[in-house]
Amino acid sequence: MSAKIIDGKRLAAHLADSIKSEVLQWVTDGHRAPGLAVVIVGDDPASQVYVSKKIKMCEQVGISSSLHRFPAQLDQQELIGLIDQLNQDPKIDGILVQLPLPGAINEEQVTEHIDPSKDVDGLHPYNLGRLAAQSPLLRPCTPRGVMTLLESIDIALVGAHAVVVGASNLVGRPMALELLQARCTVTICHSRTQNLPQQVEQADILVVAVGKAGLIKGEWIKPGAVVIDVGTNRADGGRLVGDVEFDTARHRAAWITPVPGGVGPMTVITLMQNTLQAARNP
Ligand code: NAP
């Protein structure tokens, strides 16, 4: 078997066209363009790349963006002060604070300071709680993007056994809640999970978000499974690779995402969807 590739880059490009039309319609109807504020602290190279992709995508779809860039030594109170201002600013519909933040800043306190109705990353406890309580509003970008990928292929989610490897607040936990919301039976694995191969072998749908290149061996994949690799790791020579051994996994899976070009572009496009959603429901 050779798996079909789930092409996130292509799907995201298609979605960008439809979001652009929706934004245009929104503006034609007499509203101002949706506004996104992006905040970056420090000079983490990966974060710089992600932020510039987000700003570029805003330009592409007609969302107005502002970038707030600060040195790593920024005082937490100053950051909170900026978030207060953005919370009050009627032209700002969405606030995205790029994570991770430098060590001295408490990410949880900063995230909790964002007005939940502007929390386009969907990481405020209010929005995570809405997802857990089965009435999601703004949903975390990467898990929502994965759901869009799964909905774009011809597979049944209801009753499927989904295994999520990774349990972070950013990806794994909300991913498990999204799959549960789609009526999958869900197993969540983390660093203390016993016998990971045995868990992975059960998966009709496998989502991996750990950050360890090649952690998931191809031979663990259930034949015919759908494999979504969220992991992004730098291999020798700077090449971007996922958490799943792609070359062996593709011979067992029915569907698989590549890295790059799978989940990454979906995270960016989902941020655009969330920003438009926030503009429509102030
Ligand atoms: P994280 O906060 O470091 O969380 C990693 C998770 O993996 C934790 O829950 C950890 O378990 C678990 N884990 C660690 N070692 C494990 C092992 N040997 N077996 C099973 N589970 C293990 O990372 P994250 O922010 O969720 O990101 C995960 C990966 O996704 C990273 O490579 C990141 O770059 C990537 N990512 C990609 C996108 C995208 O758009 N493509 C977006 C976000 C993140 P514990 O909970 O027990 O510590």
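Gln-273 has its place in helix H10, where helices (H or I, at least four residues) and strands (E, at least two) are DSSP runs, numbered from the N terminus. The model is predicted, so local features need pLDDT of at least 70 and side-chain atom pairs count only at pLDDT 80 or more, while totals for chains, interfaces and linings use all residues. Residues are numbered from 1 along each chain as its sequence is written, and side-chain values use heavy atoms, with hydrogens and water left out.

**Gln-273**

- Gln-273 counts as buried, at 17% relative accessibility; buried means under 20% relative accessible area, exposed over 50%, and partly exposed in between (1.4 Å probe, protein chains only).
- Apart from neighbours within four places in sequence, Gln-273 is in contact with Leu-15, Ile-19 and Arg-144, contact meaning heavy atoms within 4.5 Å.

**The whole protein**

- The secondary structure of the protein consists of ten helices and eleven strands.
- The protein is as compact as a globular protein of its length, because its radius of gyration is 19 Å, close to the 19 Å that the globule rule gives for 282 residues.
- The radius of gyration is taken over C-alpha atoms, and the globule rule is 2.2 Å times the number of residues to the power 0.38.
- The C-alpha trace of the protein spans about 50 × 45 × 40 Å along its principal axes.
- Of the 282 residues in the protein, 49% are buried.
- Contacts between residues at least 6 apart in sequence join residues at least 24 apart in 70% of cases.

**Helix H6 against helix H10**

- Helix H6 (residues 141-151) packs with H10 at an angle of about 105°, and their axes are 8 Å apart.
- Axes are lines fitted to C-alpha atoms, for helices over the stretch in contact, and angles run from 0 to 180 degrees between N-to-C directions.
- The angle makes H6 roughly perpendicular to H10; angles under 35 degrees count as roughly parallel, over 145 as roughly antiparallel, 65 to 115 as roughly perpendicular and the rest as oblique.
- On the H6 side, the contact is made by Cys-141, Thr-142, Arg-144, Gly-145, Val-146, Thr-148 and Leu-149.
- On the H10 side, the residues are Val-263, Met-266, Thr-267, Thr-270, Leu-271, Gln-273, Asn-274 and Gln-277.
- The contact of H6 with H10 has six nonpolar, eight polar and one charged residues.
- In these classes, Ala, Val, Leu, Ile, Met, Phe, Trp, Tyr, Cys and Pro count as nonpolar, Asp, Glu, Lys and Arg as charged, and the others, Gly among them, as polar.

**Helix H2 against helix H10**

- Helix H2 (residues 45-61) and helix H10 (residues 263-280) have axes that come within 10 Å and cross at roughly 50°.
- H2 and H10 are therefore oblique to each other.
- The crossing of H2 past H10 is right-handed; a crossing is left-handed if the near helix is turned anticlockwise from the far one by less than a right angle, and right-handed if clockwise.
- H2 contributes Lys-53, Lys-54, Met-57, Cys-58 and Val-61 to the contact, and H10 contributes Val-268, Ile-269, Leu-271 and Met-272.
- Seven residues of the contact of H2 with H10 are nonpolar, none are polar and two are charged.

**Helix H5 against helix H7**

- The axes of helix H5 (residues 125-132) and helix H7 (residues 172-181) cross at roughly 30° and come within 9 Å.
- H5 and H7 are therefore roughly parallel to each other.
- H5 passes H7 in a left-handed crossing.
- Leu-128, Leu-131 and Ala-132 of H5 make the contact with Pro-174, Leu-177, Glu-178 and Gln-181 of H7.
- The contact of H5 with H7 has five nonpolar residues, one polar and one charged.

**Backbone exceptions**

- Most residues other than glycine have a negative phi, and most peptide bonds are trans.
- Leu-99 and Pro-100 are joined by a cis peptide bond, with omega about 0°, and Pro-100 lies in the loop between strand S4 (94-97) and helix H4 (107-113).
- The peptide bond from Val-259 to Pro-260 is also cis, with omega near 0°, and Pro-260 lies in the loop between strand S11 (255-256) and H10.
- Arg-183 is not a glycine, yet has a positive phi of about 75°.
- Arg-183 lies in the loop between H7 and strand S6 (185-189) and is exposed, with a relative accessible area of 59%.
- Asn-195, not a glycine either, has a positive phi of about 50°.
- Asn-195 lies in the loop between S6 and helix H8 (196-200) and is partly exposed, at a relative accessible area of 43%.
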